[in-house]
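Subject: Structure handover

Hello,

Here is the structure for you to look at. My notes on it follow below.

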Amino acid sequence: MRKKSFRSRLAYILIAAVLLSTVFVTIQPFLPALRKETPPPPPPTVTVPQVAVPDFNADSAFLFIQKQVDFGPRVPNTAAHQKCAAWFTKEFKRHGFTVAEQAFKAVHYKGTTFNAVNIIAQYKPDMPKRILLAAHWDSRFQADKDEKNQNKPIDGADDGASGTAVLLEIARTLAAHPLDVGVDIVFFDVEDQGDDDGASETWCLGSQYWAANLHRPGYMPYTAVLLDMVGAKGAKFMKEGISMQVAPQTVDKIWNLAASLGYGTYFDPTERSGITDDHVFVVQRARIPMVDIISTPNEGDDPFGRHHHRHIDNINVIDKSTLKAVGQTMTAFVYQTYNGVL
Ligand code: 1BN
Ligand code: ZN
């Protein structure tokens with residue numbers, strides 16, 4: 001009798017255990033929800049202190065154009081070319097940039113070997129996130145579209161000096177209003193000595209060299225923009241075809257930014273065909289998606305304007321309002337990229 005009662009108790013215990021484990025297995029997935037769990041801590045938020053967009057000083061940019069023109073045409077193998085390169089380096093160093101002069105030999109389509117130099121100026125070189133801004137700094141050896149003095153070199157106030165002037169002013173701005181982002185400003189040499197009736201490879205020799213010999217192996221900036229012919233009166237910047245193929249979002253950001261700042265008359269959202277310019281070689285050879293801001297006002301028969309590759313591309317063609325439109329847009333582009341707005 002006692003034995004039987006012990007067995008039945010054991011049976012009860014076993015049945016209870018089986019029932020309990022069945023219940024446990026059934027409700028186990030829901031246990032965390034039943035328990036009053038403390039929620040996991042939120043991911044750490046990286047707060048970037050917002051930096052106001054500084055004013056772009058078009059008077060200063062204008063003086064940078066005047067200075068370059070005063071050296072004389074910046075044609076490779078001339079004293080003006082050498083002096084101007086030295087001045088760029090001094091100017092960037094004055095603003096705390098790390099500067100490298102990338103010297104190279106470039107063979108002109110007419111046979112001359114040019115002693116050429118790309119200027120590579122790095123703001124905060126140790127910062128991993130980098131913005132690349134570029135322009136060509138040489139001016140054309142001949143005024144082949146002019147009616148007079150076709151064999152003489154041009155001042156290249158717009159075609160050459162304007163892009164570098166805007167970027168020098170941005171360099172000065174970065175020194176005065178620091179940002180925790182890396183900015184590389186590259187001035188390409190020998191962009192404008194090409195053959196108008198020849199292959200596209202006769203142009204842009206400095207960017208071709210730089211793209212094949214990057215100043216840092218594997219260099220890949222977060223965003224990249226080229227400025228060319230950004231200072232003339234009546235400038236019109238259309239969405240250039242190759243830029244639209246490789247970096248349409250950056251193009252849209254810049255053109256929308258320009259419109260929001262009131263520069264929509266300069267930045268026309270119409271897309272146009274691709275242009276042979278330094279960005280083509282940066283895209284093809286270095287695989288860096290680069291946007292080209294280049295004026296194509298389509299004046300007369302010339303897409304690049306009446307002054308293009310003519311002697312009237314001198315200081316008189318420069319308009320501070322155009323410099324302001326491009327300079328302010330690009331300053332906002334750099335600072336808003338840092339702020340995380342773009
Ligand atoms: C732009 C300004 N370019 C030269 N000066 C590049 C170019 C090269 C444009 C060939 C058209 C044809
Ligand atoms: Zn040119």
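Helix α3 (residues 58–71) and helix α5 (residues 157–176) pack at an angle of about 130°, and their axes are 8 Å apart. Axes here are lines fitted to C-alpha atoms, for helices over the stretch in contact, and angles run from 0 to 180 degrees between N-to-C directions. Helices (H or I, at least four residues) and strands (E, at least two) are DSSP runs, numbered from the N terminus. The pair α3 and α5 is therefore oblique; angles under 35 degrees count as roughly parallel, over 145 as roughly antiparallel, 65 to 115 as roughly perpendicular and the rest as oblique. The crossing of α3 past α5 is right-handed, where right-handed means that the near helix is turned clockwise from the far one by less than a right angle, and left-handed means anticlockwise.

On the α3 side, the residues that meet α5 are S60, A61, F64, I65, Q68 and V69. Their partners in α5 include A157, A161, T164, L168 and R172. Sorted by class, this contact has 9 nonpolar, 4 polar and 2 charged residues. Ala, Val, Leu, Ile, Met, Phe, Trp, Tyr, Cys and Pro count as nonpolar, Asp, Glu, Lys and Arg as charged, and the others, Gly among them, as polar. An α-helix has 3.6 residues a turn, so residues three or four places apart point the same way.

Before the rest, note that this is a predicted model: local features need pLDDT of at least 70, side-chain atom pairs count only at pLDDT 80 or more, and totals for chains, interfaces and linings use all residues. Residues are numbered from 1 along each chain as its sequence is written, while chains are lettered from A and ligands numbered from 1 in the order in which they are written.

The protein chain has 10 helices and 8 strands. Of its 342 residues, 45% count as buried (20 or more other C-beta atoms within 10 Å of a residue's own; exposed is 12 or fewer, partly exposed is in between, and C-beta atoms are placed from the backbone). Among contacts between residues at least 6 apart in sequence, 78% join residues at least 24 apart; a contact means C-beta atoms, placed from the backbone, within 7 Å.

Helix α9 (residues 278–286) is mostly covered, with 7 of its 9 residues buried. These are D278, H279, V280, F281, V282, V283 and A286. The elements covering them include strands β3 (130–136) and β4 (182–188), as well as helix α6 (205–212).

R287 is not a glycine, yet its phi is positive, about 60°. R287 is exposed, because 10 other C-beta atoms lie within 10 Å. H309 also has a positive phi, near 55°, and is a residue other than glycine. H309 lies in the loop between β8 and α10 (320–339) and counts as partly exposed, with 19 C-beta neighbours inside 10 Å.

Which residues surround ligand 1? They are D159, D192, G194, W203, D228, M229, I275, T276 and D277, each with its C-beta atom, placed from the backbone, within 6 Å of the ligand. By class, this shell has 3 nonpolar, 2 polar and 4 charged residues.

Last, G262 sits in the loop between α8 (248–260) and β7 (267–272). The C-alpha atoms of G262 and A325 are 8.4 Å apart, although 63 residues separate them along the chain.

Regards

Technical notes: Two residues are in contact if their C-beta atoms, placed from the backbone, lie within 7 Å.
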